[in-house]
Amino acid sequence: MTTLEQLVKIFADTFQVSTEQITDGFSSETVDNWDSVTQLSLVTTVEDTFDIMLDTDDILDFKSFSKAKEIIAKYGINP
Amino acid sequence: MVLNINQVNSEATAIIDDEGKALTYGQLCHYVELIGTQIPTRSVVFVLSKNIPGSVAALLGCLNCGAVPLLIGSETDADLVDSLLQLYRPQYILQPTDLPNRHHLEKKAEFLGFDIFATGEVPYPIYRDLALLLPTSGSTGSPKLVRHSLNNIEANAKNVAEGLSISLKDRPLLILPMHYTMGLSIICSHLVVGATIVMTEKTLTDRALWKVFEEQKITSLTGVPFSFEILNKLRFFRNDFPYLNLISQGGGKLSQELFSTIVTYASERGKRFVATYGQTEATARMSYLPAEKAAEKICSIGLPFPNGTFAILDENGNETITGEATGELVFKGPNVTLGYAKSIEDLTLGDENNGILFTGDIAMRDGDGYYFIVGRKSRFLKLYGIRVGLDDVENLVKSNFPLDCACTGNDDKMLVYITDSTYEEKVKQMILSKTGLFHQAIEVIVKDEITRSQAGKVIYSQQ
């Protein structure tokens, strides 16, 4: 699985939607059940999967699929 | 006036909202009186609350004029609200103006972002001391409510303010929803001393919340175990917040590791960490672990708040109040509520508890008299800080599907056993949509049959 596919799968699993729905427009603004519970789960799974540790600002900014790609790239994980 | 809010300097700020808009004690009193002119005493009122100042005015307005509010979250599933409406037939509904008027009710008035609707229902008899109703398991729409008196609310407010040394200089950040008993306790225990409450609808993972935290010079933060997991993830405990003085926790048991992390943070940064214990049935809080004992008594629920006492029931059902012991925890105090209501008729019931609460929790008392929760007799879980009645979920499943069902689990995950694999996904989706729980908090398991005793009772330990 490519890094991008892994990231898509994490999002799809966390929000219980199909992988086709995970596009750049997938964000806390457009998803109903995006709250602190799902966000914590999302961040924790990303950290565990890619073996990175996000800093506070990055966790707070982790609010959309496009932003997520940008953030993990900063940690050397290139989707 | 209720909680003596008219005794506070009327120019002092009572509540600040997410936009930084302030409501003074004088203004709060004005709205409390205004609500009293719209709603007759002894009415039953549904208050659909969210964390905005109008919700506090709605609550206090009802309490002050002798109407009885039932507080439920404004985001509660509409079907669940409707089933409560049918059951309790309130004469009035107070709800945020952005919610739809689904039943085309007559609008009586507006205040602070709230509409007052008259339902046209006929008033019915209720017990003279009944003042407030809170759901036991809000998210499942269970009809089981906890009946509070005004004395319960005022005793909780004063005893908690005294125990936690809350002063009028305090500026707590209210993140917990106010329709949760702990959220309500934060509001009442601060208003009673004239402090300023900062209310937010934002969550800990919103950047905007941290802006409010800094700008409003927050002095105290209260959370449930899950809040502290998020704070830990956000590396909160590596930062200094110069105005923060008190960190308090309730709503379940912290892990030892997290408890120790907070203790260390508090002692290094000169802040107080106070763990508390409570239940809706005792108007939120029963005990607290004094900050200076936190390092020594890790994960203890401490000692009762002023005017309360604890006892432990031994195997023979005798109460013990000193010495090492383990057994069911019993609490006595003026904040023990009147009892439950499951129907409209139950609202006529008097005080069934007489100040004594059998908590359903198993506690251990150490040689120094400090209490620790070690288990639970009662059939509920605390999932991400939300209390979920296992019997309520079973009933939800059985009433929506032709299935036998048994629910068990722990505070990490609820296990829902059913007997037909074709319903597996449907059951899960129904529970998720009704309760708003996170999907990883629920696992639906299909088995041939639910294990029962010869008497037909579900054997939960053998599913």
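1. The largest cavity has a lining made up of Leu132(B), Leu134(B), His148(B), Ile153(B), Asn156(B), Thr181(B), Leu184(B), Ser185(B), Cys188(B), Thr283(B) and Ala284(B). Two or more of its lining residues come from each of β8 (130-135), α4 (150-163) and α5 (181-191) of chain B. A cavity is a set of points, on a 1 Å grid over the protein atoms alone, where a 1.4 Å probe fits but cannot get out, and lining residues have an atom within 4 Å of a point. Helices (H or I, at least four residues) and strands (E, at least two) are DSSP runs, numbered from the N terminus.

2. This is a predicted model, in which local features need pLDDT of at least 70 and side-chain atom pairs count only at pLDDT 80 or more, while totals for chains, interfaces and linings use all residues. Residues are numbered from 1 along each chain as its sequence is written, chains are lettered from A and ligands numbered from 1 in the order in which they are written, and side-chain values use heavy atoms, with hydrogens and water left out.

3. With four residues, α5(B) is the main contributor to the lining of the largest cavity. That lining comprises six nonpolar, five polar and no charged residues (nonpolar: Ala, Val, Leu, Ile, Met, Phe, Trp, Tyr, Cys and Pro; charged: Asp, Glu, Lys and Arg; polar: the others, Gly among them).

4. In total, three cavities of 30 Å³ or more are counted. A volume is the space filled by probe spheres set on the points, which are joined across faces, edges and corners.

5. For the second largest cavity, α4(B) gives the most to the lining, with four residues. Of its 13 lining residues, Asn159(B), Arg285(B), Phe305(B), Pro306(B) and Asn335(B) lie nearest the centre. By class, seven are nonpolar, five polar and one charged.

Note on methods:
1 Å grid on protein atoms, 1.4 Å probe; cavity = no way out; pocket = protein on both sides within 12 Å on 5 of 7 lines; lining within 4 Å.
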